[in-house]
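Please find below a colleague's note on the structure you are looking at. The points are numbered so that you can follow each of them in the model.

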Amino acid sequence: MVGFDTGAGLPPSSDARDLLYLWSTGSFEMDHGALNKRIAGRATVILGNVAKTVASWNSRPDAPIGAIMFDLDYYSSTIPAFGLLEKANILPRMWCYFDDICGYPEHAYSDGIGVRAAIKDFNLDLRRRQLNDHLSLAYAFKSATPEAWHQLIYVYHRLSHPQYNTCLSSTKHQLRLA
Amino acid sequence: MLNAALEAKALGHKAMTVVAETGSFASAATVMKFRKS
């Protein structure tokens, strides 16, 4: 498991899409001691601005990226973090959690600002549209009791992945008439 | 994460990377501990 963080809280921003009416510079500063105690060696923390750290990082060759939790608050931070979705070593379908796309009235989240706008712009990329690769809400809770977090789960489908069409089921589906 | 792990296994991988960006990191690490146990 790998975590990315500035280590110093939210960076300065002047981008109105970053919901600056909610977030102030330096918010969510890391408690390094408490975090290291919590993760207890189970994970790696990469400190710095994601605009630089994500671009230069790659997963272990034998461990493709399969799931990402996005909790960057800003539009301007989420866009470079989507560089993870463009890495070569990922699963054909990548599960994503977005913490900042649904909130309370004071958040006033909409599709034109914040992380929702970042998702929209990611999907509008011409190269990605030509490949039909896309990031979309996961419709995966058919048999579950509805819960608020279900609307925060997305899937990145890389249709251009060489294993995208590999059938995950080892048995043939069959419904028998009684 | 469980769905992703199952897919990774089905595609023949023995390991998978999970990434957390900032605030959800400690929570995700805790979930990993729970899943492993």
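1. In chain A of this predicted model, strand β5 (residues 134-137) is joined by four bridges to β6(A), and the two run antiparallel. Within that pair, A:H134 has A:H157 as its bridge partner in β6(A).

2. The covered face of β6(A) carries A:Y154 and A:Y156, while A:I153, A:V155 and A:H157 lie on the uncovered face.

3. Which strands make up the open sheet, and in what order? Seven strands form it, in the order β2(A)-β1(A)-β1(B)-β3(A)-β4(A)-β6(A)-β5(A), and the pairing is mixed. The edge strands, each pairing on one side only, are β2 (44-47) and β5 of chain A. On average, neighbouring strands are turned by 20° against each other, direction ignored; axes are lines fitted to C-alpha atoms, for helices over the stretch in contact, and angles between N-to-C directions run from 0 to 180 degrees.

4. At the other end of the listed order, β1(A) and β2(A) pair in the parallel sense over four bridges, and A:D5 has A:L47 as its bridge partner in β2(A). Helix α4 (residues 114-124) of chain A packs on the sheet and touches β3, β4 and β5 of chain A, its direction making about 135° with that of β5(A).

5. Chain B takes part in this sheet through its strand β1 (residues 17-22), which is joined to β3(A) by six bridges and runs parallel to that strand; the partner of A:D71 in β1(B) is B:T22. Helix α1 (residues 2-10) of chain B lies across β3 and β4 of chain A, running at about 175° to β4(A).

6. Taking the two chains together, 35 residues of chain A are in contact with 27 residues of chain B, where contact means that the C-beta atoms of two residues, placed from the backbone, lie within 7 Å. On the side of chain A that touches chain B, β3(A) gives the most, with seven residues. By class, that side has 22 nonpolar, five polar and eight charged residues, where Ala, Val, Leu, Ile, Met, Phe, Trp, Tyr, Cys and Pro count as nonpolar, Asp, Glu, Lys and Arg as charged, and the others, Gly among them, as polar.

7. The largest nonpolar core has 41 residues, of which A:I68, A:F70, A:M94 and A:C96 touch the most other members. Such a core is a set of buried Ala, Val, Leu, Ile, Met, Phe, Trp, Tyr and Cys residues joined through C-beta atoms within 7 Å, and a residue is buried if 20 or more other C-beta atoms lie within 10 Å of its own, exposed if 12 or fewer, and partly exposed in between, with C-beta atoms placed from the backbone. The largest share of the core, seven residues, comes from β4(A).

8. A word on conventions: residues are numbered from 1 along each chain as its sequence is written, and chains are lettered from A and ligands numbered from 1 in the order in which they are written. As the model is predicted, local features need pLDDT of at least 70 and side-chain atom pairs count only at pLDDT 80 or more, whereas totals for chains, interfaces and linings use all residues.

Key:
Pairing = 2+ DSSP bridges.
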